[in-house]
Amino acid sequence: MSIISAVDIFDVRFPTSHDLDGSDAMNPDPDYSAAYLIIRTDAPDGLEGHGFVFTIGRGNEVEAAAIEALRDHIMGRDVEELLEDMGAASKLLMHDSQLRWLGPEKGVMHMAIGAVVNALWDLKAKRAGLPLWELLSGMSPEEIVALIDFRYLSDALTPEEALRILRFSEPGRQERKAILRAEGYPAYTTTPGWLGYSDEKLARLSKEAVADGFSQIKLKVGADLSEDVRRVRIAREAVGPDIRIAVDANQRWDVGMAIEWMSHLAPYDIAWIEEPTSPDDILGHANIARAVAPIPVATGEHVQNRVMFKQMLQAGSLQVLQLDAARVGGVNENIAILLLAAKFNVRVCPHAGGVGLCEAVQHLSMFDFVAVSGDKTDRMIEFVDHLHEHFITPVEVRDGSYWPPSAPGAGNEMLASTLAEFVFPDGPVWNKTIVLQRC
């Protein structure tokens with residue numbers, strides 16, 4: 001038997017606002033950040049579990065404090081017992097009655113729980129000697145269903161329906177694993193489209209994306225209509241008629257404004273409109289979806305839990321579901337969301353615009369292809385070419401596709417040197433940044 005002997009927590013921030021990487025209509029100067037934890041055990045193998053919550057700077061310390069509040073829930077616990085039943089491990093945190101009062105199952109505490117759950121999955125995959133996508137894809141339908149909390153879902157998805165979906169896909173798993181290793185998983189890139197970039201940089205990066213094999217790019221919109229029309233036109237001229245262009249308003253508009261704004265962008269053959277309004281406005285999204293059709297509505301990176309996803313699917317609020325590896329309650333809840341998407345026959349194109357999100361969410365899409373939907377047609381994982389060098393196992397994206405990771409774990413682990421250099425506010429990068437700002 002081994003026990004959890006330490007939980008170390010870090011406030012890690014990267015000064016991406018200097019070059020306006022990640023800039024959009026709602027977030028003009030983000031500093032990509034992670035409230036990061038390491039779960040250590042007394043086992044002789046020395047393996048650790050790593051997890052994080054993605055933020056964009058100020059407030060990252062609040063998320064780190066929320067993870068700190070969970071420390072005593074797992075310190076000293078039997079590691080084998082936790083990892084043997086990850087459904088129970090998730091519920092241990094989710095069902096704490098006093099913690100639930102802070103949500104329930106949404107907001108800062110819910111994301112902190114997700115980080116701890118994801119760190120446990122990272123440890124479990126490392127102990128199994130498998131990448132997370134392959135560990136999950138090797139579980140039986142019954143084992144997968146046992147991971148899910150079906151409370152609040154049974155009017156849309158029952159355990160029996162989930163089992164039927166998983167059993168239907170089970171016979172082709174090995175073949176799809178081989179396809180994944182031979183073909184990769186399709187990607188699209190947001191790298192050209194940050195709102196703070198110049199026209200020249202937009203055009204150059206758009207052309208580079210096509211040369212790199214991407215069949216879709218995404219542009220940030222929402223701050224100024226005439227500017228958006230001009231920028232989308234520049235991108236369309238740069239990539240030609242055969243490359244898809246999606247646009248992302250990052251929650252900037254009211255419902256009526258979204259409908260009106262999209263009427264001006266529609267002539268440029270828009271692949272989807274992402275986050276057109278408040279992520280909490282389920283019926284508003286449904287109204288927008290009806291009005292802008294056939295342009296699909298994409299959303300999910302700020303949808304707080306499986307219940308909201310259920311309602312959005314029931315209401316027809318989205319046609320592209322964008323789950324996020326670090327927004328909801330971790331791997332378990334994201335599996336429930338994948339099964340909901342399969343039940344409603346809605347394609348999943350995850351959000352990955354942030355530090356570590358590409359590394360983490362690829363595992364969920366690859367698991368979905370192998371064991372849930374069995375499909376990657378018209379499905380893509382977002383890719384942004386920022387900060388991958390800070391991870392032990394950075395993503396491999398080439399020829400416009402993600403290539404399946406083979407290293408054991410969930411892809412969450414940062415380099416020790418990165419944790420030391422970018423810890424806020426005392427890391428060398430931030431000490432240097434503060435001095436430069438004063439000058």
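The following dialogue examines how several terms apply to this predicted model.

Visitor: Why is the contact between Lys-126 and Asp-122 called a salt bridge?

Guide: The N to O separation of their side chains is 2.9 Å. A salt bridge requires a side-chain nitrogen of Lys or Arg within 4 Å of a carboxyl oxygen of Asp or Glu, so the pair qualifies. Both residues lie in helix 6, four residues apart, about one turn of the helix, and both are buried.

Visitor: What makes Lys-343 partly exposed rather than buried or exposed?

Guide: Its relative accessible area is 34%. Buried means under 20% and exposed over 50%, so Lys-343 falls in between. Lys-343 also forms a salt bridge with Glu-161, the closest N and O atoms being 3.2 Å apart. That pair links distant parts of the chain, with Glu-161 in helix 9 and Lys-343 in helix 16, 182 residues apart.

Visitor: Why are Arg-204 and Glu-208 classed as partly exposed?

Guide: Arg-204 has a relative accessible area of 42%, and Glu-208 has 35%.

Visitor: What makes strand 3 mostly covered?

Guide: Seven of its seven residues are buried, with Gly-49, Gly-51, Val-53 and Thr-55 on one side and His-50, Phe-52 and Phe-54 on the other.

Notes:
Residues numbered from 1 in each chain as written. Predicted model: local features only at pLDDT ≥ 70, side-chain atom pairs only at ≥ 80, totals over all residues. Heavy atoms only, no water. Buried < 20%, exposed > 50% of the residue type's maximum accessible area, 1.4 Å probe, protein only. Helix = DSSP H or I, 4+ residues; strand = E, 2+ residues; numbered from the N terminus.
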